Amino acid sequence: MSLKSVKPQFPHLDAIREPADLRQLDKSEMAAVAEELRDELISIVSVTGGHFGAGLGVIELTVALHYVFDTPHDRVIWDVGHQAYPHKILTGRRDRMRTVRKGGGLSGFTKRSESEYDPFGAAHSSTSISSGLGMAVARDLAGRKNHVIAVIGDGAMSAGMAYEAINNAGVRDSRLLVILNDNNMSIAPACGALNKHLNRMTAEMSNNGTIFEQLGMRHLGPIDGHDIDGLIAMLETIRDDEDGGPVLLHIVTEKGHGYAPAAKSADKGHAVGKFEVATGIQAAAKSSTPSYTTVFAQELIRQAESDPRIVAITAAMPSGTGLDIFGKRFPERMFDVGIAEQHAVTFAAGMATEGYKPFCAIYSTFLQRAYDQVVHDVVIQKLPVRFAMDRAGLVGADGCTHAGSFDLAYLGCLPGMVVMAAADENELTNMVATAAAYDEGPIALRYPRGEVAPSASAERSKILEIGKGRILREGSDVAILSLGTRLAAALEAASLLDEQGISCTVADARFAKPIDSDLVNRLVRHHRALVTVEEGAAGGFGSQVLHYLANAGLLDRGLTVRALTLPDRLQDHDDQAAQYAEAGLDAKGIAKVVIGAVPAKTAIRTRHVAAAARSS
Ligand SMILES: Cc1ncc(C[n+]2csc(CCOP(=O)(O)OP(=O)(O)O)c2C)c(N)n1
């Protein structure tokens, strides 16, 4: 569509509650449905923000799939799920679309608990072919006949998992349709040899001798993914074909298609804030405070200016990790390896064996995928790979699939691993400097989504002593030992508690591993209680401290300890502040736990007065 300022009309869409209604319409009406669906998507995302360009690119495909196949009986799996807004609109969720990514609202990804039309939940990429093959094999075992369709982007096709699935599918007879949605984009422009291979196929409009054919899949296309009549005809042919085995249909689309501001932008409107429909202009960011991501990238550039051995690696997230700006400054020393976290880690390990200082910048949640590479290729060989884990902790609108909840637990148990957590802007610079200087083995630093917290100390770019924390505030009753991100909340809690007569020391552990045992000893010796605070699941920092206390005999004669972590349940998307409150990790939540552990002096005094009055 061209830019529209008039309110769009939806005569077709208004009559579609579910795909069954769509299938009542005539094939000739599908182009009109697609146009309305695109207008509706634009209208929705203009007020919600969120993933956009990918959805615009699959409008025709979404309509064609639900028209040709008998969903939800036939299973349609959207890889990543970030392109599924149009699918949600057509599958009974249109009236809730304006709640997407808000607390209590729809998820920004596919989710089994949200709809029977979402047969598989996603958000991390490249799982669709494996899950689809699993469904197809289960269907065959159960003697059922439904179709299974996995839609995967060319970016997601860069991950090893997709090939593991194809390798398996290619030798089975199970009917599975894989639709490769090739828009020549990941979040950044697609990269890698496969991308070149696909581009060649598209240029020649041929599929002779492709890698997919060689691996046992029938390869159809490339075809134009915006030609809805052509798409429907092709999908009907595939649906009605009785031949067994897996089929790969290669469609060529444009990310951001049909909305010029998205299609023309560098990231093709991958993810946007609220915008004005007529112009595509997004609401300006309210604050000038930098994000942790930017501070990380700037400090890494600073370090790299004086150390030519520093290199940076991203798994398809150059802008998300800040490595885009590092890459501009040092194009030869930045490596985007595609959506390939496992490869990124072992690639970094290889560079480390040759004396380079690799910074592997991977979101905490995506590093989960490369766990064995961290253990087997890095930790066991004591290689000095630096892990920069952005989005550590609660992440807001992306929800639990993207929350960096587990890294403290999954890295903290690894021998020889150093794990740091930045509490504020200056601390992050200190930790980047420390990681750059540390060559004895693997080291990780974690920092959260969002704007930096004001710095508690003026020291910047300072190399920290490994395993040493710092004290920010001295008190006498309770010691709050915070790790990283919740420091500001811990300090605020201390002020609240002060008003209630409880005097708190607040320390920032800085290191989840090795923990600062001297500091812990001091805190337990001089306070009535110790409260640990971290933005991570149980099993992380607090567990390290408790383990130390237990084995050092410090629990033997009674010690009041509380460990605050994320709750042992998956927290849904919401804004970050609401998530902290829900987790009990805001100032109020921390103060409440302290009061529960050590009754306020004033409360004690009141009780004494009352008791004295009763006995007199
Ligand atoms: C394991 C993992 N790593 C990184 C991401 C972040 N991510 C979300 S979408 C995306 C790009 C996907 O590209 P593609 O599959 O081509 O879909 P498109 O957006 O182009 O339609 C990336 C890298 C992710 N979701 N999962």
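In which loop is Lys268 found? In this predicted model, Lys268 sits in the loop that runs between helix H11 (260–264) and strand S7 (271–272).

The chain holds 25 helices and 19 strands. With a radius of gyration of 27 Å, close to the 25 Å that the globule rule gives for 616 residues, the chain is as compact as a globular protein of that length. Taken along the principal axes, the box filled by its C-alpha atoms is roughly 90 × 65 × 50 Å. Buried residues account for 52% of the 616 residues. As for how the chain folds back on itself, take the contacts between residues at least 6 apart in sequence: 78% of them join residues at least 24 apart.

Strand S6 (residues 246–252) has seven of its seven residues buried, so it is largely enclosed by the rest of the structure. Both of its faces are covered. On one side lie Pro246, Leu248, His250 and Val252, and on the other Val247, Leu249 and Ile251, all of them buried.

What does S6 pair with? Strand S4 (residues 176–182) is one partner, running parallel to S6 over seven bridges. Within that pairing, Val178 has Leu248 of S6 as its bridge partner. Strand S5 (residues 218–224) also runs parallel to S6, and five bridges join the two.

Most peptide bonds are trans. Gly221 and Pro222, however, are joined by a cis peptide bond, with omega about 5°, and Pro222 is part of strand S5 itself. A cis bond also links Thr71 to Pro72, again with omega about 5°. In that case the proline lies in a loop: Pro72 is found between helix H4 (59–68) and strand S2 (75–78).

Back, then, to Lys268 and its backbone. Most residues other than glycine have a negative phi. Lys268 has a positive phi, near 55°, and is not a glycine. Is Lys268 buried or exposed? Lys268 counts as buried because 23 other C-beta atoms lie within 10 Å, where 20 or more are needed.

Which residues come nearest to it? Of the 24 residues around the ligand, the nearest are Ala54, Ser125, Gly153, Gly155 and Ala156.

How values were computed
Residues are numbered from 1 along each chain as its sequence is written. This is a predicted model: local features need pLDDT of at least 70, side-chain atom pairs count only at pLDDT 80 or more; totals for chains, interfaces and linings use all residues. A residue is buried if 20 or more other C-beta atoms lie within 10 Å of its own, exposed if 12 or fewer, and partly exposed in between; C-beta atoms are placed from the backbone. Helices (H or I, at least four residues) and strands (E, at least two) are DSSP runs, numbered from the N terminus. Two strands pair if DSSP finds at least two bridges between them. The radius of gyration is taken over C-alpha atoms; the globule rule is 2.2 Å times the number of residues to the power 0.38. Two residues are in contact if their C-beta atoms, placed from the backbone, lie within 7 Å. A residue is near a molecule or strand if its C-beta atom, placed from the backbone, lies within 6 Å of it.
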